[in-house]
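Hi there,

Here is the structure I promised to send over. Have a look at the sequence and the model first, and then read on.

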Amino acid sequence: MVKPFFFRNHPAVPSLEERIEKIKKENVPAHVAIIMDGNGRWAKKRSLPRVAGHHEGMKVVRKITIIADKLNIKVLTLYAFSTENWKRPKKEVEYLMKLPEEFLGIYLPELVEKNVRVQMIGDFDSLPPHTRRAVRKAMEDTKDNDGMILNFALNYGGRSEILSAVKGIVRDVNLGKLSLDQLDEERFSSYLMTHQLGDPDLLIRTSGELRLSNFMLWQMAYTEFWFTDAYWPDFDEHCFLDALEEYQKRSRRFGGI
Ligand code: IPE
Ligand code: IPE
Ligand code: MG
């Protein structure tokens, strides 16, 4: 339906720049984590193969990285592949394992130029060699950048991360490097892959699913959750700002009053 003329270009609809301007600089979440979900359904809706959705999702990764950096977010963690995603058909898994190369092949120079540092959490050693190569190169080429950290959760699982931490702790106790009375929450966190990243302040999940799917289980104890029905390839800067504006209205009490 064609909108009547008086609804067109409504002056009350703020532009991206106006919205960014209004974000309170002193209350920007330091660490934002995103479960990028819905690529398959986005593709299905268009009668395209699922991998077309994954491909489209790459452009959104770039867009959101740029706006997150602009907003002075310190860490952006993107859930790209879970330890459970190996259950998918071989062809899809193969495609997903090629995405880091494809993404970084196109966008790494821009990330370097924007002073973004690429990092990864997850089981690196079980990735195919070509995926490891691409991720290693990106981490290496950006290691001296001191701007935003773009952290990919790749072959990541929260339970497996906690289990590795426990194993590391037991090993250090057996070696006499750590005593049990030294072990507190802070020390435990230092054994997690996120030890230098801190806990997420805000979690965004796209595609209407209301669950964590094994993402940062320990770290999300006090994270603010924000969900949207938008599929990841349809997610954009305006959606991201919706999440941020809502975050800024929340009262985080951490158990206090
Ligand atoms: C998210 O989209 C990407 C990954 C999990 C790798 P999905 O592939 O899960 O898309 P849906 O949820 O099936 O629509
Ligand atoms: C979570 O999405 C993992 C990533 C986005 C990488 P899934 O699509 O795998 O989650 P479930 O299976 O719907 O819980
Ligand atoms: Mg999914």
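Predicted model: local features only at pLDDT ≥ 70, side-chain atom pairs only at ≥ 80, totals over all residues.

The unreviewed UniProt entry annotates D37 and N85 as "active site". Although these positions are spread over 49 residues of sequence, they cluster in space, with a largest C-alpha distance of 12.1 Å. Both D37 and N85 belong to the lining of the largest pocket.

Let me take D37 to begin with. D37 sits in the loop between β1 (31-35) and α2 (39-45). With a relative accessible area of 17%, D37 counts as buried, because the cut-off for that is under 20%. Beyond its neighbours within four places in sequence, D37 is in contact with R205, T206, S207, E209, Y231 and W232.

Now for N85, which lies in the loop between β2 (75-82) and α4 (90-113). N85 is buried too, at 16% relative accessibility. The side chain of N85 reaches the backbone nitrogen of S82 at 2.7 Å.

You will also see ligand 2 in the model. The residues around ligand 2 include D37 and N85, along with I35, M36, Y79, A80, F81, R88, R205, R211 and S213. An N or O atom in the D37 side chain is 3.2 Å from an oxygen atom of ligand 2. For N85, a polar side-chain atom lies 2.9 Å from an oxygen atom of the ligand, and for R88 the corresponding distance is 3.2 Å. On its own, ligand 2 has 390 Å² of accessible area, and the protein covers 78% of that.

Best wishes

How values were computed. Residues numbered from 1 in each chain as written. Chains lettered and ligands numbered in written order. Heavy atoms only, no water. UniProt positions renumbered as here; feature names shortened; annotations may be inferred. 1 Å grid on protein atoms, 1.4 Å probe; cavity = no way out; pocket = protein on both sides within 12 Å on 5 of 7 lines; lining within 4 Å. Helix = DSSP H or I, 4+ residues; strand = E, 2+ residues; numbered from the N terminus. Buried < 20%, exposed > 50% of the residue type's maximum accessible area, 1.4 Å probe, protein only. Contact = heavy atoms within 4.5 Å. Polar contact = N/O pair within 3.5 Å; in protein donor to acceptor, adjacent residues only side chain to side chain. Near = heavy atom within 4 Å. Areas by Shrake-Rupley, 256 points an atom, 1.4 Å probe, with all protein chains shown as cover.
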